[in-house]
Amino acid sequence: MKRKLILVLKTFIFLILLAGALVTVMLVTERKTSYMKNKDFFEEAKKDHLDVLFIGSSHVINGINPIDLYEKYGITSYNLGGHGSLLKESYWQLIRALDYCKPDYVVIDCFMMDRNYEYIDEMYEETPEEFRQAAISQLHLNMDAYPLSKLKMAAVKDLVHDPEIQKQYLFDFIVYHNRWNELEQKDFQKLTGTSEYNMLMGAEMKHELEGDITYNYEYDNEARLPEHTVCEEYLMKIIDECQRDGIGIVLTFLPFAGEPQDFQSANSAADIAAAYGVPYINMLQMGDIIDPRVDLSDPGHLSSTGARKVTDYLGKWLADNADLPDHRGDTEYSKWDKLAADYNKEIRDKSVRYRQLSTQLNMLSLGETSLILYLTDESPALQDPWFRHIVSNLSGSDKIQEAAYNHQQYFLLIDRASGGIYEAVDYEPIENMQTAMGEMTYIPIEKKFRLLYLTSDENNNFLYDDDHLKDDVQLITYDSDSGEMLSHIYCESSHNYEIEE
């Protein structure tokens, strides 16, 4: 009997150790993106800290920044957008989220309302296989972080038709058990509770500009979807759910380089909003909200500068139309203040140095850093309309166009502390510039020699270096409060604006 008890005890201990090992393996090998994105959602929802939920596709995840919204308006929100999320998935994302919190408002973007298929694994016959596989993979972002439940099973069954693929979302170890050759340090950090996570309350900002983007199609106010779609049906389900629960709802169509089917979706969304009596903000019709040449990272997604403009527009709308509290200054929301400070530091760091000069100049338009920009009269950048547009957007004037037209050197100084903006072309000098570094003077002497110095230190010329005579662009950044120089970048603009290390 004693031997049997010992055997049972050993077996029990072995099973416990085996279970612990399996759990550890599952925690290490699972893909962390969903948990990183949604960690703060569960924490803030538990504290009843979320007044607004943003739901939609990558247009939302890249286009609305809850940290910017909090910093300017004191509104607390979470970005539950997902890459490739159709309105059907947005519906289930909302239903799952409402299991954890009840927001005052839900903002739902209507992009891809033209999609008319039931399951993400069974699209149109002509849909390339890689698109189907991408959709299957992307669904994990908004699905994996939620624990197994009847609600999750219902969502998976409604979104995915193939039972074998359904198992990926219900038992994700099936997908991740073979990730051993991909493991990184962050995969093990979840065991110690020190893993990285999303610092923007679910948003993901796209800082880098892909290139010069313009609109190819004129907006058609009369266009409508030719048939009633699955996504239209689920948009109405979302509205029904919010109205039934007493949650305010706003429909949006965020700006991007839209195509004819997008105009059809946007106008059909307007019809649904009117039928239900809910507000609708169609930014495809509002050409003055963003500048596509600097506020789109690529034709379909906003850059971080565009996201700030869109977030500000929505924040003003919510402040004017929704009775939402301003949580700034409330110690209970101190975490939000820290996240805002961290994000501002990230913006500052990227505006001080980034691998692409075009992106760095655009980041400088966010106003965290003061700057000095100089281009020689032979600079290829002066003959690049997109580069000139980026500089004009930064300076607020078209003076660089004059330099380009006449093949003349160009100088720009923007001091954030004083609000002063100084520009010069050709051999035009500027004296008594008030900056955080002190009073400065700019004097072009000859083609390859110019002076920029502090009145108190005329011997230190900021714009001349024998080692960089071949570089046609110089960019200096300095702290707007202390005047400390943060970076001095030299660049050959003919090299695709790659910044020298």
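**Salt bridges and helices: worked exercises**

Lys 338 and Asp 342 sit 4 residues apart in helix H15, about one turn of the helix. Helices here are DSSP runs (H or I, at least four residues), numbered from the N terminus. This is a predicted model, with local features needing pLDDT of at least 70 and side-chain atom pairs pLDDT 80 or more, while totals for chains, interfaces and linings use all residues. Residues are numbered from 1 along each chain as its sequence is written, and side-chain values use heavy atoms, leaving out hydrogens and water.

**Exercise 1.** Work out how the side chains of Lys 338 and Asp 342 meet, and say how exposed each residue is.

*Solution.* 
- Start with the contact: the two side chains of Lys 338 and Asp 342 make a salt bridge, 2.9 Å from N to O. The rule asks for a side-chain nitrogen of Lys or Arg within 4 Å of a carboxyl oxygen of Asp or Glu.
- Now the surface. Lys 338 has a relative accessible area of 51%, so it's exposed; Asp 342, at 30%, is partly exposed. (Buried is under 20% relative accessible area, exposed is over 50%, partly exposed lies in between; the probe is 1.4 Å and only protein chains count.)
- While you're looking at salt bridges, there's a network too: Lys 39, Asp 40, Glu 43 and Lys 335 are joined into one by bridges that share partners.
- And the overall tally? The count comes to 25 salt bridges.

**Exercise 2.** How do helices H6 and H8 lie relative to each other?

*Solution.* 
- Locate them: H6 covers residues 129–143 and H8 covers residues 163–170.
- Read off the geometry: they pack at an angle of about 30 degrees, and their axes are 10 Å apart. (Axes are lines fitted to C-alpha atoms over the stretch in contact; angles run from 0 to 180 degrees between N-to-C directions.)
- So H6 and H8 are roughly parallel to each other. The label goes to angles under 35 degrees; over 145 is roughly antiparallel, 65 to 115 roughly perpendicular, and the rest oblique.

**Exercise 3.** Is helix H16 mostly covered or uncovered, and how far is Lys 399 from Ala 424?

*Solution.* 
- H16 is mostly covered, as 8 of its 8 residues are buried. Among them are Leu 357, Gln 360, Asn 362 and Leu 364.
- Lys 399 is in helix H18 (residues 399–406) and is partly exposed at 24%.
- Lys 399 and Ala 424 are 25 residues apart along the chain, and their C-alpha atoms are separated by 7.9 Å.

Note on methods:
Helices (H or I, at least four residues) and strands (E, at least two) are DSSP runs, numbered from the N terminus.
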